[in-house]
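The following note is intended for a colleague who is meeting this structure for the first time.

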Amino acid sequence: MKTEKFEDILVYFSKSLMGKENEEDILWDVAKNCISKLGFVDCVIYLVDDNQSMLVQKAAYGPKSPKDRTIYNPVEITIGEGITGSVAKTGKPELVMDTSQDSRYIIDDDTRLSEICVPIAYEEQLYGVIDCEHPKKGFFTERHLKMLLAIASICAIKVKSVRANTALLEKQHKLFQLKEEMLELKLKTLNSQLNPHFVFNSLNAIQYFITTQNTKFALDYFSTFSRLVRFYLKQLGKDTVSLFNEIDMLHWYLKLQKLRYDDSFEYSISIEKKDGSLKEIVIPSFVILLVFENIVEQSSINKVVDQHFNVDIKTTEKNVVLEIQYQSKSGDHTDHPKNDYRNEIMKWEDQVELLNTVKGYNIVHNTIGSSNNGMHIKSILLELPNLA
């Protein structure tokens, strides 16, 4: 078969690969079109697997591929094994005039006496190997080697480009996905705090205090409730909040829940700060509140009694550490009302996991629980980053 000029082959190859946006098209174009123009009768193209330990046949020309884009009996070669594996390991091309004299030669579908093998590599990154064989001894020449190296180089650049574009698209897709998850997180958090049942129960409590002429409690409850709602709406769409405002909100929330659940629990909050104002410390929004939302609502479901929260907050330049000690006694578990809306409250552990994934906050938490003679004790350690 008459071979074409070196320059013509490279021009053809460069034009042929234009518009190819996946590795399969690139490799099969090299095997089926370009190799045939060199006058070769057999060629197999390998790619390195994900573990960087094996060469996997991906495209072929000749007996290994009698039909379009099919490889007959595909094989895998360990890097370092055989002539092909040696080229992959060293990154250096090889021209073997007589394979019968080379102990490394591995028979694939048939014995052939000449072999030429070049790495598909760019900037010291190995992507694969082009391996060609011929039944005649000494068939391949230095000119063949030069042409095949040029083709492999263009192939490597194209594969690198395709993989870079694929990685970029995957990264963009992941960012869009994470943004959707963050929006969902904000909506879930807001829904958890401003659940219609919670709002209606709060308004019913205010109405009850008014109808029983308990004006002081009514005004106190209404004032606290309105502050909490204003804060929620102001924070909607924001990822961070000052520790000062978060503690204020926590006070309002616990005060409101105490009124709502007839003083069924007591709480104390102590703060130990190193330097600066609490307003200067910035933490992820709603994390602390959601912890207490989970505890209070779950306690209500279980009808526990003698509840007490002891909250210690310690701040440093890098983080804010909360130590929550919660204790309670078992109550009456019979005939308590169904509150399906509590199932809609997001678990604070899920929120932390999502924030760590999306924002990379590395929030650390640990929960330990124990029971003794009807007394339940839960200890929660929560370490938040100072994002100031």
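Predicted model: local features only at pLDDT ≥ 70, side-chain atom pairs only at ≥ 80, totals over all residues.

1. Asp239 and Lys359 form a salt bridge in which the closest N and O atoms are 3.1 Å apart. Asp239 lies in the loop between α6 and β7 (240–242) and Lys359 in helix α9 (residues 348–359), so this pair ties together parts that are 120 residues apart in sequence. Asp239 is partly exposed, with a relative accessible area of 27%; Lys359, at 35%, also counts as partly exposed.

2. The structure holds eleven salt bridges. One of them joins the side chains of Arg163 and Glu23, at 2.5 Å from N to O. This pair links distant parts of the chain, with Arg163 in helix α4 (residues 142–193) and Glu23 in helix α2 (residues 23–37), 140 residues apart. Arg163 is partly exposed at a relative accessible area of 33%, and Glu23 is partly exposed at 22%.

3. Lys255 and Asp220 also meet through their side chains in a salt bridge, at 2.8 Å from N to O. Because Lys255 belongs to helix α7 and Asp220 to helix α6 (residues 215–235), the pair ties together parts that are 35 residues apart in sequence. Lys255 has a relative accessible area of 33% and is partly exposed; Asp220 counts as partly exposed at 23%. Elsewhere, Asp42, Arg112 and Glu133 are linked in a network of salt bridges.

4. An open sheet is formed by five strands in the order β8-β10-β11-β13-β12, with mixed pairing. Its edge strands, β8 (265–273) and β12 (364–372), each pair on one side only. On average, neighbouring strands of this sheet are turned by 10 degrees against each other, direction ignored. Strands β10 (residues 305–315) and β11 (residues 319–329) run antiparallel and are joined by nine bridges; Thr315 has Val320 in β11 as its bridge partner.

5. Two helices lie across strands of this sheet. Helix α7 (residues 243–260) lies across β8, β10 and β11, and runs at about 170 degrees to β8. Helix α8 (residues 287–302) lies across β8, β10, β11 and β13 (375–385), running at about 165 degrees to β13.

6. How many disulfides does the structure contain? The count comes to zero. For Cys132, the closest cysteine sulfur is that of Cys43, 3.5 Å away, which is too far for a bond; the cut-off is 2.5 Å. Cys132 counts as buried, at 0% relative accessibility, and Cys155 is buried at 0%.

Notes
Residues numbered from 1 in each chain as written. Heavy atoms only, no water. Buried < 20%, exposed > 50% of the residue type's maximum accessible area, 1.4 Å probe, protein only. Pairing = 2+ DSSP bridges. Helix = DSSP H or I, 4+ residues; strand = E, 2+ residues; numbered from the N terminus. Axes fitted to C-alpha atoms, helices over the stretch in contact; angles between N-to-C directions. Contact = heavy atoms within 4.5 Å. Salt bridge = Lys/Arg side-chain N within 4 Å of Asp/Glu carboxyl O.
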